[in-house]
Amino acid sequence: MPYLLIQTNVDISEAAQDVLLKTSSTMLATQLAKPVGYMMAGISPKQRMIFAGSDAPTAFLILKSIGLPEQKLKALSAALCELVSEHTGIPPKRIYIEFVDVQAKYWGHNGGTFG
């Protein structure tokens, strides 16, 4: 049920996108102790974006999950910034992340919800 969306203004090859999505899915499943079979990730490259008044490479990530542990947010932020930077060249200081803890009753799957 965790979902990661990576939005960036960087042009990333399809092969590099595949590697980034698979790597981030595995890393987050481990960090969040969730089955990788429920992990979903998406990427939107080549978006029109500016950050701090500049169109230099930047990224905005959204991580949503049921039961997102507050005590892990700093470690998740560090791991995600490092991962995205490694695969895109975007400096961590130009990456924002929104963490969203979703109540199970508001997460649908397979015709039902987790709540």
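Trainee: Which residues in α1 meet which ones in α2?
Mentor: From α1, Val19, Leu20, Thr23, Ser24, Met27, Leu28, Gln31 and Leu32 meet Leu76, Ala79, Leu80, Leu83, His87 and Thr88 in α2. Contact here means heavy atoms within 4.5 Å. Helices are DSSP runs of H or I with at least four residues, strands are runs of E with at least two, and both are numbered from the N terminus.

Trainee: Before I go on, what kind of model is this?
Mentor: This is a predicted model, where local features need pLDDT of at least 70 and side-chain atom pairs count only at pLDDT 80 or more, while totals for chains, interfaces and linings use all residues. Residues are numbered from 1 along each chain as its sequence is written, and side-chain values use heavy atoms, with hydrogens and water left out.

Trainee: Back to the helices, then. At what angle do α1 and α2 pack?
Mentor: The angle is about 165 degrees, and the axes are 11 Å apart. That makes α1 roughly antiparallel to α2. Angles under 35 degrees count as roughly parallel, over 145 as roughly antiparallel, 65 to 115 as roughly perpendicular and the rest as oblique. The axes are lines fitted to C-alpha atoms, for helices over the stretch in contact, and angles run from 0 to 180 degrees between N-to-C directions.

Trainee: How does the span of α1 work out?
Mentor: The 19 residues of α1 should span 27 Å at 1.5 Å a residue, and its end C-alpha atoms are 26 Å apart, which agrees. The expected span is 1.5 Å times one less than the number of residues. Helix α2, residues 73–88, has 16 residues and reaches 22 Å from first C-alpha to last, close to the 22 Å expected.

Trainee: Which residues of α2 are buried?
Mentor: They are Leu76, Ala79, Leu80, Cys81, Leu83, Val84, Ser85 and Thr88. Buried means under 20% relative accessible area, exposed means over 50%, and partly exposed is in between, using a 1.4 Å probe and protein chains only. The cover over those α2 residues includes β1 (3–8), α1 (14–32), β3 (59–66) and β4 (95–102).

Trainee: And what about the core? Which residues touch the most other members?
Mentor: In the largest nonpolar core, which has 24 residues, those are Leu4, Ile6, Leu28, Leu61, Leu63, Leu80 and Ile95. Two or more residues each come from β1, α1, β3, α2 and β4, and α2 gives the largest share, six residues. A nonpolar core is a set of buried Ala, Val, Leu, Ile, Met, Phe, Trp, Tyr and Cys residues joined through side-chain atoms within 4.5 Å.

Trainee: What does isoleucine 6 touch?
Mentor: Leaving out residues up to four places away in sequence, isoleucine 6 touches Leu20, Gly42, Ile43, Ser44, Phe60, Leu61 and Val84.

Trainee: Changing topic, where does lysine 46 lie?
Mentor: Lysine 46 is in the loop between β2 and β3. Its phi is positive, about 55 degrees, although it is not a glycine, and it is exposed, with a relative accessible area of 57%.

Trainee: What about asparagine 110, buried or exposed?
Mentor: Asparagine 110 counts as exposed, at 73% relative accessibility. Its loop runs between β5 (108–109) and β6 (112–113), and its phi is positive at about 55 degrees although it is not a glycine.
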